[in-house]
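Thanks for coming, everyone. Have a look at it first.

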Amino acid sequence: MAQDATFRLSTVSVIEALATSVRDRVLDGQLTPGTTLTETEMAAEYGVSRPTARGAVTALVHEGLLHREANKPAYVPRLTRDDVEDLFLLRTPLEAEVVRVLVERGAVPLAADRAIADLDRVENDAPHSAFVEPDLRFHQVLVDAVGSTRLSRLYRGIQGEVHLCMVQTRHTLGRDRIVAEHGKVFEALRSGDAAAAADSMRAHLDGARRSLLQVLDATFTEGRR
């Protein structure tokens with residue numbers, strides 16, 4: 001029994017490691033939108049079994065970093081205007097409510113401040129995956145601090161698309177602006193100003209939404225030339 005359990009744990013760790021590697025390659029642009037990923041090719045490239053490759057693909061599909069249609073291989077999605085609008089239709093009111101609830105409860109997660117500091121230390125030429133990690137961690141820490149398993153599960157369900165958006169906002173908003181806006185949210189939390197915290201989060205997310213739409217519009221215009 002113990003040996004079987006150990007085998008299952010080691011298999012899970014391999015799946016997680018493979019998912020992490022593929023996730024980083026997507027975020028760093030090595031796997032571009034539209035790229036297909038078959039389980040057979042992944043198994044051969046990484047030297048793992050097909051079930052392990054299938055497990056990693058399934059995990060990334062659940063995150064939203066890969067899409068998969070029936071009887072077709074998974075592929076890296078290309079976000080559209082509708083995707084961005086729909087994503088922020090969920091994110092903005094949800095995260096504004098999160099910080100309001102945290103102020104009301106007097107809960108100030110210090111891990112959010114650490115995420116801001118870590119993001120501020122990211123080098124300008126660091127890969128996207130290194131930039132996205134502390135950016136996403138700031139938002140996830142705030143959501144998790146509410147203590148709602150359903151809310152945290154919901155937010156993790158959109159992580160993949162949030163990841164993809166953050167890659168773009170790194171270029172359009174820039175590290176310094178994102179750090180400053182995260183800091184403004186955190187300071188409002190620490191001061192106990194629920195309205196300011198919610199307003200700061202809305203402003204931050206609305207700026208990200210508008211910048212993403214500008215990128216998509218510019219890409220569409222360029223593609224028509």
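Is asparagine 71 buried or exposed? Keep in mind that this is a predicted model. Asparagine 71 is exposed, with a relative accessible area of 83%. Asparagine 71 sits in the loop between helix H3 (50-63) and strand E2 (74-75). Its backbone deserves a look too. Asparagine 71 has a positive phi of about 65°, although it is not a glycine. Most residues other than glycine have a negative phi.

Now compare a glycine. H4 itself has 25 residues. From its first C-alpha to its last, H4 reaches 36 Å, close to the 36 Å expected at 1.5 Å a residue.

Next, helix H7, residues 149-156. Which residues of H7 are buried? They are Leu151, Ser152 and Tyr155. Down the axis of H7, these buried residues fall within an arc of 95°, so they line one face of the helix. An α-helix has 3.6 residues a turn, so residues three or four places apart point the same way. The face of H7 turned away from the buried side carries the exposed residues Thr149, Arg150 and Arg153. H4, H6 and H8 are among what covers the buried residues of H7.

The structure holds 1 cavity of 30 Å³ or more. The largest cavity has about 90 Å³ of space. It is lined by 14 residues, and closest to its centre are Arg91, Met166, Thr169, His204 and Ala208. H10 gives the most to this lining, with 4 residues. By class, the cavity lining has 8 nonpolar, 4 polar and 2 charged residues.

Then the pockets. The largest pocket holds about 500 Å³. Its lining has 24 residues, with Pro33, Pro77, Arg78, Leu79 and Gln168 nearest the centre. H1, H4, H8 and H10 each supply at least two lining residues. H10 gives the most here, with 5 residues.

Of its 13 lining residues, Glu133, Leu136, Arg137, Gln159 and His163 lie nearest the centre. Which element gives the largest share of this lining? That is H6, with 6 residues. By class, this second pocket has 3 nonpolar, 5 polar and 5 charged lining residues.

That is my tour. Over to you.

Terms used: Residues numbered from 1 in each chain as written. Predicted model: local features only at pLDDT ≥ 70, side-chain atom pairs only at ≥ 80, totals over all residues. Heavy atoms only, no water. 1 Å grid on protein atoms, 1.4 Å probe; cavity = no way out; pocket = protein on both sides within 12 Å on 5 of 7 lines; lining within 4 Å. Points joined across faces, edges and corners; volume = space filled by probe spheres on them. Nonpolar A, V, L, I, M, F, W, Y, C, P; charged D, E, K, R; others polar. Expected span 1.5 Å × (residues − 1). Buried < 20%, exposed > 50% of the residue type's maximum accessible area, 1.4 Å probe, protein only. Arc of directions from axis to C-beta. Contact = heavy atoms within 4.5 Å.
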